[in-house]
Amino acid sequence: MTEPFFFSRGRGLSVREIAALIDAKPRPGADLDRRIIGIAALDQAAPSDLAFLDKAKYAPQLSISAAGACLTTERYASRAPAGVSVLCVTEPYRAFVEVARALFPEALRPSSLFEAGGVAVGAFVHPSARLENGVTVDPGAVIGPRAEIGTGTMINAGAAIGPNVRIGRHCAIGANVSITNSLIGDRVTVHPGCAIGQDGFGYLMGARGHRKVLQIGRVIIQDDVEIGAGTTIDRGGIRDTVIGEGTKIDNLVQIGHNVTIGRHCIIVSQCGISGSVVIEDRVVLAGQVGLADNVRIGEGAMIGARSGVMSDVPAGEKWFGYPAMRGREFLRSMMTLRHWVGKSDAPESGDDEDAPDDEPSPARGGRRRNR
Amino acid sequence: MTEPFFFSRGRGLSVREIAALIDAKPRPGADLDRRIIGIAALDQAAPSDLAFLDKAKYAPQLSISAAGACLTTERYASRAPAGVSVLCVTEPYRAFVEVARALFPEALRPSSLFEAGGVAVGAFVHPSARLENGVTVDPGAVIGPRAEIGTGTMINAGAAIGPNVRIGRHCAIGANVSITNSLIGDRVTVHPGCAIGQDGFGYLMGARGHRKVLQIGRVIIQDDVEIGAGTTIDRGGIRDTVIGEGTKIDNLVQIGHNVTIGRHCIIVSQCGISGSVVIEDRVVLAGQVGLADNVRIGEGAMIGARSGVMSDVPAGEKWFGYPAMRGREFLRSMMTLRHWVGKSDAPESGDDEDAPDDEPSPARGGRRRNR
Amino acid sequence: MTEPFFFSRGRGLSVREIAALIDAKPRPGADLDRRIIGIAALDQAAPSDLAFLDKAKYAPQLSISAAGACLTTERYASRAPAGVSVLCVTEPYRAFVEVARALFPEALRPSSLFEAGGVAVGAFVHPSARLENGVTVDPGAVIGPRAEIGTGTMINAGAAIGPNVRIGRHCAIGANVSITNSLIGDRVTVHPGCAIGQDGFGYLMGARGHRKVLQIGRVIIQDDVEIGAGTTIDRGGIRDTVIGEGTKIDNLVQIGHNVTIGRHCIIVSQCGISGSVVIEDRVVLAGQVGLADNVRIGEGAMIGARSGVMSDVPAGEKWFGYPAMRGREFLRSMMTLRHWVGKSDAPESGDDEDAPDDEPSPARGGRRRNR
């Protein structure tokens, strides 16, 4: 099969318009009237594409690039072939992102799977739900009693919005999402398959059975939040679960009941945030991090990938490892340990005799090379 | 926007009724006729709310609380302002949970997204499916041929129930769940977005392609099980995958084929349970644990958060770490190692010179403490 | 309730037909005319079932088995009771899998939840979508404008297929899956609840807000790929996200933007693959592995369970641990450390005095408090 593009290439922008948009300085001789309709990596770009270069590592690609235009710094400008219209900027990648946003505005947030306008045939909207003008609802979506949805918001195929839920304006709710017991602000994007607002995981444990702890709180999602595919956010117990303005959450993240997340945080894929955790503003959690319940992560702290945090983290610190500690202590400990184990191993040449046959056993291989 | 509550506040209970319900002893002077219609945390409670106090840490909140009534122990009873009707019990939190259940019975399990009664317009029920009276099916739900569903069970919007599946009575199946090849007992709750009964991950591996191993077993879910949002449970290969009575499973857990889980277990979010694992009764797996295939976890064992279990765990033991071992040996090893690494570092004062500038470099900090 | 089987037992195969199918040598006296209609584990097999034995551990089960037929090696053949028709082969499990595939062809891939033929009532197919003859679409499924779907492909209940998506022939798309911006080959299976083709997680970070990086690439899934339930695959930014032919992916895996995965890889449950990672052919990632962005995993490499890979892995190597390194160095380091910590602890026998009662706590930092 031929391979279509999913985002339409329109009239594009001239190199002159691009230069004006990002305040770039054209290399002498650049063809300012050339039209750019796409974006591409330097090694894949065609004459109608814009590319960028910001690292020495990729400079050789520039010298043979077929790109129509390239954003780069003064340092690399002379490397480009004559056919490339070079635009010089101080931050090529940042400028590239801005041009991309101008060229493909429809890619900025998810759009209707059915290209529906208004409420599609096959959508189930309860008569008591209140939709402002300009709401799009795909087939198979279900909107419950007394739900309220603001203008410009798009509810994708199969999404299920529960009773009394409020969703603000210019939001995009992905396919097969479910949202209950939640209040959602403006310009929020929820990617497909998320589950938001269900019961938190609370029990009074007992040997003969666990007694459910009621959860009557809500989920509050403030403006400009983005939530990745398959992420789950439980509603609060007697408080609310809150996601602060501008926070970005990746795919398959678990957020427990009563969690409070501040503004402009970044939470990477597969993190697990236990109940009643408090995350202050501008925190970054790298991938697969786990936070024990009730810990507090201070403003601007960064937690390294795969860390397990069992205590409060002061503002501005970088923690790492499991149990997580300040700075790179975890990595350093592991490296030092390996060094020691390697050394202590040298005199005891027979201790690997029962290593499994199917293992390359580097320690062993290393010793053999030493002899 | 104003912020609605999602669970209705009805007539509530009088303080006298609450005292009777949990066998509490009112503080002299308590207003037994006061009506309580909500529950709240001590610092957020209004005069119509019930709160509780069970930890010294929060006692100062009691002295300024506006709660209508408060459950606490004799120890803290005198701290409450005169306006608070104090009820003394030995276990305040447990009593609080019981009152909450009486005040908000509709929050005990998920309800219809569409507030449907019976089979809603827009639900697709195969003519050969057998639904008892009193089954609720939301719009967008699909129930396949010969499926059987018991009275009082609610199938939420977009849930898909496959051929021949049996679901017992008084269950709640969340939005956009899919269930195939499964037999489900009574009073089971499945939260939104779960996938239950699909193929397990089995292949005969080969360099030129992997040969699928057929999976013709089932998923058996016994009574009173709760399954969190986005959790996946694969059907058995030639045996069944079984989840025992009263077991509670959190969000985004993966349960492989042929797994047997006993009764009254607790499995916290993002655990991964490999194929053919056996988990006996009353086991607790904390968050993000991984179990290698074919291991057996003995009755009442507890596995600490983020542990990776590669061998059988005897009954009643607490294991931790990766590879997981008894007790806190893992944490102790890590702490001791850091201590040693800190010490060994002392004489080599120059070895951190090339540490990155943006790192607080705890090792360095450690040296300062040594001087 | 009685417990149905979900896969129909038809006429089955005679022992003679089975022997011919897998080129097995019957034990003298085997009843070659016996009909086998099911498969089962040795300890559960009935006279109409085929079982297998390939490990000494299970040989005692053979001597009391009620199986109608059993595949095993010459070594164990004499252990079977006279009533079992024994078929000798060199690889009993591999042969068993082949017979299972012949007995239950309908279990090879997911089938329609509604047993629909063609496009079911209640499916929403956009008039501009192009479906070849022989496509099955369940109720509640949504197929967007200009999507193309090949013959023999089954779209399950609630699946949502976006505009311009192309899906090849003989694919099975599970319930409540969403697919956008993707090109999918032939014989691809996508299990329930997956989200494929949504935006990658890309931002220009800033203290006052994060600027979205546009993602205009696609997801390309080649022939014979299988993708587990709840897995998320983000589309590329300016390149494509690519999953190579014959690769098998388990449940709840996260695959970031611009990732390239080669052919015939195995990716076990809950792995997280960060943006722009390259995985070459025949790589195996065990469960819960994390790969940092931009790393390259060489052909045929194997990464142990729960490893965190922060650098490139050469072809053919086995890595393990966090940060991951060659061979079993990680496990060996941890074991050696525990040995050392155990030793260093031995002389100070009194340091456990203040350990909490409920912790086995091999030796706390209580030492410090004692001084």
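User: Which word describes how α1(B) and α4(B) lie to each other?
Analyst: In this predicted model, helix α1 (residues 15-22) and helix α4 (residues 92-103) of chain B pack at about 120 degrees, with their axes 10 Å apart. Axes are lines fitted to C-alpha atoms, for helices over the stretch in contact, and angles between N-to-C directions run from 0 to 180 degrees. Angles under 35 degrees count as roughly parallel, over 145 as roughly antiparallel, 65 to 115 as roughly perpendicular and the rest as oblique. The relation of α1(B) to α4(B) is therefore oblique.

User: What pLDDT do local features need?
Analyst: Residues are numbered from 1 along each chain as its sequence is written, while chains are lettered from A and ligands numbered from 1 in the order in which they are written. Because the model is predicted, totals for chains, interfaces and linings use all residues, side-chain atom pairs count only at pLDDT 80 or more, and local features need a pLDDT of at least 70.

User: In which kind of crossing does α1(B) pass α4(B), left-handed or right-handed?
Analyst: A crossing is left-handed if the near helix is turned anticlockwise from the far one by less than a right angle, and right-handed if clockwise. The crossing of α1(B) past α4(B) is right-handed.

User: How many charged residues are in the contact of α1(B) with α4(B)?
Analyst: Residues are in contact if their C-beta atoms, placed from the backbone, lie within 7 Å. Here B:Ile18, B:Leu21 and B:Ile22 of α1(B) meet B:Ala95, B:Glu98, B:Val99 and B:Ala102 of α4(B). Ala, Val, Leu, Ile, Met, Phe, Trp, Tyr, Cys and Pro count as nonpolar, Asp, Glu, Lys and Arg as charged, and the others, Gly among them, as polar. The contact of α1(B) with α4(B) has six nonpolar residues, no polar ones, and of charged residues, one.

User: Which element gives the most to the side of chain C that touches chain A?
Analyst: The contact takes 58 residues from chain C and 59 residues from chain A. On the chain C side, the elements giving two or more residues are β21 (203-204), β22 (211-212) and α5 (329-345). With five residues, the element that gives the most is α5(C).

User: What percentage of the interface residues of chain C are also interface residues in chain A?
Analyst: The copies meet through different surfaces, because the share of chain C interface residues that are also interface residues in chain A is only 12%.

User: How many residues does α5(B) give to the side of chain B that touches chain C?
Analyst: This contact takes 58 residues from chain B and 60 residues from chain C. The chain B side divides into 22 nonpolar, 25 polar and 11 charged residues. Its largest share comes from α5(B), and the number of residues is six.

User: What is the radius of gyration of chain A?
Analyst: Chain A has six helices and 39 strands, which are DSSP runs (H or I, at least four residues, for helices; E, at least two, for strands) numbered from the N terminus. The globule rule is 2.2 Å times the number of residues to the power 0.38, and the radius is taken over C-alpha atoms. For 371 residues the rule gives 21 Å, so chain A is more spread out than a compact globule, its radius of gyration being 27 Å.

Methods. Two residues are in contact if their C-beta atoms, placed from the backbone, lie within 7 Å.
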